[in-house]
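Dear colleague,

My notes on it follow directly after.

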Amino acid sequence: MDIIVYLIPVALGLGALGLAAFLWSVNSDQYEDLDGAAHRILEDEDKPL
Amino acid sequence: MTDAALSGPVGCPSGLEPPTRTPGGSDYSAFVQSKGAQKILNLSVRGAKCGGCLSKIENAVGAVPGVEQVRMNLSNGKLKVAWQGPTSANTIVERVTELGYGVSAYSEDGSEKAAKREERALLISMGVAAFALANIMLLSVSVWGGHGEMGSDTRTALHAISGLIAFPVLVFSGRHFFQSAWSVLKHGRANMDVPISLALTLAFGVSVWETLAKGDHAYFDASVMLLFFLLIGRFLDARLRRQAHAAAHDLAALQNRSVNRLGRDQSVESVRAEDVRRGDTILLAAGERAVIDIKIETGTSTVDESLVTGESLPRLIQAGETLYAGTVNLDHPIRGEALGSTSDSLLADIAQMLEAGEQKRARYRQIADKAVSLYVPFVHTTAAVTLIAWLLLGAGVRDAIMVAVATLIITCPCALALAAPVAQVVASGRLFRKGIYLRSGDALERFAEVDHLVFDKTGTLTLGTPTLVSTHGDELADAAHLARASRHPLSRAIVAVAGAGPIASDVKEMPGLGVEGEIDGKRCRLGSADWVGVERSAATSGPTMWFSNGDAAPVQFLFRDQLQSDAGDVFADLRAHGFEMEILSGDTSEAVERVAAEIDISDWHAQVSPQDKVDRLSALTAADKKVLMVGDGLNDAGALAMAHASLAPGGAMDVSQSASDAVYAGGLSSIVTILNVAKRTKRVMLQNFGLAAAYNMIAVPIAVTGHVTPLIAAIAMSASSLIVTLNALRMNWGRA
């Protein structure tokens, strides 16, 4: 059972990593234009190669 | 950039939104912010609804020389442009208006920022709660799974770790509920946050106690799960309210337009409307919309007051008369004295009417509020009775408290808090796809109660612009040569039929009379009866225009403000649903009577002032009618805000759109759609409250008899929240 001494911190660390990514995405306006992002991916950029 | 982007159809290519024309003449350079060498302009774009709009606008603006960054936000219609060099802000605005979108300058005000901050704080709290929930569940599942085998020390250690995760999260993510509960408790009242805060605190407190006593059951998972579900509901609610807030913002956008002011040294400067003071000299160019009330000093012109008074025909104005904000000057430049800054214009008066209406509306009690006022005493009494009963039956104090707290936790209004917001979010998304934009979530409840409909005429029941109804082949083609030079709505109607073509030479326009010019060497006139020298006849109904070509006998053109194409079906449908209907219009009796007869409404009032409209609405409200007001003009704004529920067409004036609960883009049939969806939403909300009640009816006996374990609490709470959410989503699966 000693293994949980490592596993619990690892689990918390991974969770914290996800949380950090989420906080970054919120603070960098990733959720400001949910409709636009869906359409933007279909847009042709028409840039010369 | 591709040429296709510029040459495509005007306006939203999806057809969701009709092309919008912004009245020209405004100067946007007053709204440019400078950041070093870079200039930034924030615009609010109306009518952009699909990916086609996004690429059209971004490509067109991106092709303007010097532009470095263009970003269109499709969700809220904001366009941010950053550029360097000599390009003027007006060039950028023109590019967007050319594509058929309406534009107004936009600057974020304080309350908008606050609403955005609140929404973001809730989202972050939700994320933090989700993180904690996942980790505590991991530990809790181990405890549940190891039941009977796990040693007491291991279990206590896992409980302790759970508690260490839960505590900071409850303080951080739970602050929204604690603060709100505290602020109402201070005033001796209670809201839904009081039982929520109590349940959260008790669940945590009891779990700490159990952990210290090395007990079996800790409710850390339940308290964090509760918090997570509640935050979802709270976030959806905040998001809806922020969208609603954008409505009030459009009012500011309208007043944000610039004004041409004559300086002391007789030079013309462009200033923001709010910088104008009483007594300033203002120049109003042809085609420009007045943003403040003006007393005319020099100049004669015709003005379109349809948005101010509802009158569909232009009016001749002269020196000494007053021009109200919202009026469009049609043909000749006017010079006048400002009657005050924007804060005391007619527009500001109407803004006050709006505020009064909004306050009235804020007192509306939502179904959810009613449910809570029934729920809180019930649950708290049950918990107290449980505690006393267990003590009387000889249980220990610790066991009795555990059972009472378990009762409180399991009955926490999770499903209740989700029931209304989820249904509203699903319904507003559904309406959005049909071209109806809701401004507030609780509006749906009010739409569902409506039993009396009041319509404005011009621009709502009718197209709002005159259409040519008489035909004269050759004369029409000639008249169009003159009409193309004029901004008068009747001239525009002639051009709409005749199409593009040449303009007569040497054209002069006389305000209030008509246009004169030379076609093939002959003097031709287009305008009123007096202008072409014929007797004014009273026999014709609706607006007319005369055209004379040299010595030939003048011919008459007849116009009508025609009904919206789907009006017949819509009114038959509404009548079948048993609604009472009436028309309130600022237009003349004949015009209103004709429209009323066409759609078979016997109850109509003509030449009604904005105040009369508000009074009529108050009278109807006093008679206990639930009124739905549909209108588009500035003169309707007060009445729109006053009504139990209100709707404005997409072409309506900004103020009226802000005053309304919803804006529709798809013709009059949208009225039927929104009333149906609202009824359905209300039904789903009531079902949800029923489900929440049924859940409590099952959960409470289990809790009161002391059979609740943390595992049962976790399953029951997530199940009830899921059931309520799925029931709301059902609206998306059913028929239209």
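The buried residues of helix α17 of chain B are covered by elements including β17 (467-468), α16 (473-483), β20 (522-527), β21 (544-549) and β22 (555-560) of chain B. Helices (H or I, at least four residues) and strands (E, at least two) are DSSP runs, numbered from the N terminus. This is a predicted model, in which local features need pLDDT of at least 70 and side-chain atom pairs count only at pLDDT 80 or more, while totals for chains, interfaces and linings use all residues. Residues are numbered from 1 along each chain as its sequence is written, chains are lettered from A and ligands numbered from 1 in the order in which they are written, and side-chain values use heavy atoms, with hydrogens and water left out.

Helix α17 itself spans residues 489-498, and its buried residues (under 20% relative accessible area, 1.4 Å probe, protein chains only) are B:Pro489, B:Leu490, B:Ser491, B:Ala493, B:Ile494 and B:Val495. Just after this helix, B:Gly499 adopts a positive phi of about 80°.

Turning to aromatic rings, B:Phe167, B:Phe204 and B:Phe220 make up one aromatic cluster. Over all chains there are five aromatic pairs (ring centres of Phe, Tyr or the six-membered ring of Trp within 6.5 Å; planes under 30 degrees apart are stacked, over 60 edge-to-face, the rest tilted). B:Phe204 and B:Phe220 form an edge-to-face pair, at 5.6 Å centre to centre and 65° between the planes. Because B:Phe204 lies in helix α7 (residues 193-212) and B:Phe220 in helix α8 (residues 220-255) of chain B, this pair ties together parts 16 residues apart in sequence. B:Phe204 is buried, at 15% relative accessibility, and B:Phe220 is also buried, at 3%.

As to the interface, 22 residues of chain A are in contact (heavy atoms within 4.5 Å) with 29 residues of chain B. The two chains bury about 2,100 Å² between them, 61% of it on carbon and sulfur atoms; buried area is the accessible area (1.4 Å probe) that two parts lose on being put together, summed over both. In chain A, the residues that lose the most area to chain B are A:Leu12, A:Glu32 and A:Arg40, together 26% of what that side buries.

Four salt bridges (a side-chain nitrogen of Lys or Arg within 4 Å of a carboxyl oxygen of Asp or Glu) are found across this interface. A:Arg40 forms a salt bridge with B:Glu58, with the closest N and O atoms 2.9 Å apart.

Yours sincerely

Definitions and conventions:
Buried means under 20% relative accessible area, exposed over 50%, partly exposed in between (1.4 Å probe, protein chains only).
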